[in-house]
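This report concerns the structure displayed below. Please keep the sequence and the coordinates at hand while reading.

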Amino acid sequence: MTMVRTPPPLPVRDKAAARALSPMLNRLAEERATGVLVREHGTLHLAEGRVVHAESPLAPGLDVLLTAHGTLATAAWQRAAAAAEGPLRAAELLLESGLLPAGALELCHLDALYDAGYFALAPSSTPGRFHYDGAPRTGTLPSVPVVALERETLRRRLQLHRLWPEPAADTAPLIRADPLLRDTGPAPSAPARPARRTPVAPRQRAVLDRVDGTRTAADIARELGRQAFHTLVDVRRLAAAGHLRPLAPVVSVPPAPPPTAPEQARNLPPPLPPVTDPDIALLKRLRDALEAL
């Protein structure tokens, strides 16, 4: 009996690698690099190729998540921040001093990391910059693999898109929408139709109460001491229910420049024809006729 050997399977491209949000970040992870990756909407701190910390102006920091709901006194964080270099070291000092339980700190740390990492990996119009740091980090707070951060970021993008596919509400100032009208979709040409008044959950009510035409979702998240992504979920649900909408940007039209001398000449009315002697004689006869009447 002749044995037929089955050929090995063809290599299949890794779908996760194909959907990498930042090729530079994946290359740094493969290199086990240590340093700081600066992107347009946030910063990722790496230690041996793993993400140890993330910051973004669109997400509340670790200090906000720790102090907003009584986990840590604001004064205690301020003292630790003044004595340490960076928020990670400040948090570790609080842990060493016994002012923070390890479980609560690790939970807030990971919440802040994934929250800011979501915005740091957002589509960017500028290339990222990486600053290498040869000093290895020896802290006690957990780190996450790059692939885990990218997978969670993609999951969050998909969740927000399913709730309401218009991303303008994530960054623009928010205003109350007409409760009797609801947009059927993100397209500006979509007709408006009456919508039922959907009940607002208490968590969403806290967000809606802070919508005033000037606050963005990030502003509301900081005031409430919540993760920015969770606030975006509430914002998109409220937008889908017709309770709020992003404020349209004001487009300023620059004034038209003053016309030049040739343009002014073109815009002037044509000159009147010169008055001749026959015209003067005709006008005199008309005047005499009118006086005779």
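## Overall composition

The model is predicted. The protein chain contains 12 helices and nine strands. Of its 293 residues, 34% are buried.

Among the contacts in the protein chain with a separation of 6 or more, 69% are between residues 24 or more positions apart. The accessible surface amounts to about 18,500 Å², and carbon and sulfur atoms contribute 59% of that area.

## The five-stranded sheet

An open sheet is built from five strands, arranged in the order S4-S1-S2-S3-S5 with antiparallel pairing. The edge positions are taken by strand S4 (129-132) and strand S5 (144-145); each has a single partner strand, so one side of each lacks a neighbour in the sheet.

At one end of this order, strand S3 (residues 50-55) and S5 run antiparallel and are joined by two bridges. Within this pairing, valine 51 is placed opposite valine 144 of S5.

## Aromatic residues

Three aromatic pairs are found in a search of the whole structure. One of them joins phenylalanine 130 to tyrosine 132 in an edge-to-face arrangement, with 4.7 Å centre to centre and 90° between the planes. The two partners fall into separate accessibility classes: phenylalanine 130 counts as buried because its relative accessibility is 16%, under the 20% limit, whereas tyrosine 132 is exposed because its relative accessible area of 55% is over 50%.

Tyr118, Phe119 and Phe229 make up one aromatic cluster. A charged residue also meets this group: arginine 156 lies over the face of phenylalanine 229, at 4.6 Å from the ring centre.

The structure contains 15 salt bridges. One of them brings together the side chains of arginine 155 and glutamate 152, at 2.6 Å from N to O. Both residues belong to helix H7 (residues 146-163), where they are three residues apart, about one turn of the helix. Glutamate 152 counts as buried, at 18% relative accessibility, while arginine 155 counts as partly exposed, at 42%.

Arginine 176 is partly exposed at 44% relative accessibility, and aspartate 209 is partly exposed with a relative accessible area of 45%.

The side chains of arginine 215 and aspartate 212 also meet in a salt bridge, at 3.0 Å from N to O. Arginine 215 is partly exposed, with a relative accessible area of 24%; aspartate 212 is likewise partly exposed, at 42%. Elsewhere, salt bridges with shared partners join Asp115, Glu152, Arg155 and Arg156 into one network.

Note on methods
Residues numbered from 1 in each chain as written. Predicted model: local features only at pLDDT ≥ 70, side-chain atom pairs only at ≥ 80, totals over all residues. Heavy atoms only, no water. Phe/Tyr/Trp six-rings, centres within 6.5 Å; stacked < 30°, edge-to-face > 60°. Buried < 20%, exposed > 50% of the residue type's maximum accessible area, 1.4 Å probe, protein only. Lys NZ or Arg CZ within 6 Å of the ring centre and 35° of its normal. Pairing = 2+ DSSP bridges. Helix = DSSP H or I, 4+ residues; strand = E, 2+ residues; numbered from the N terminus. Salt bridge = Lys/Arg side-chain N within 4 Å of Asp/Glu carboxyl O. Contact = heavy atoms within 4.5 Å. Areas by Shrake-Rupley, 256 points an atom, 1.4 Å probe, with all protein chains shown as cover.
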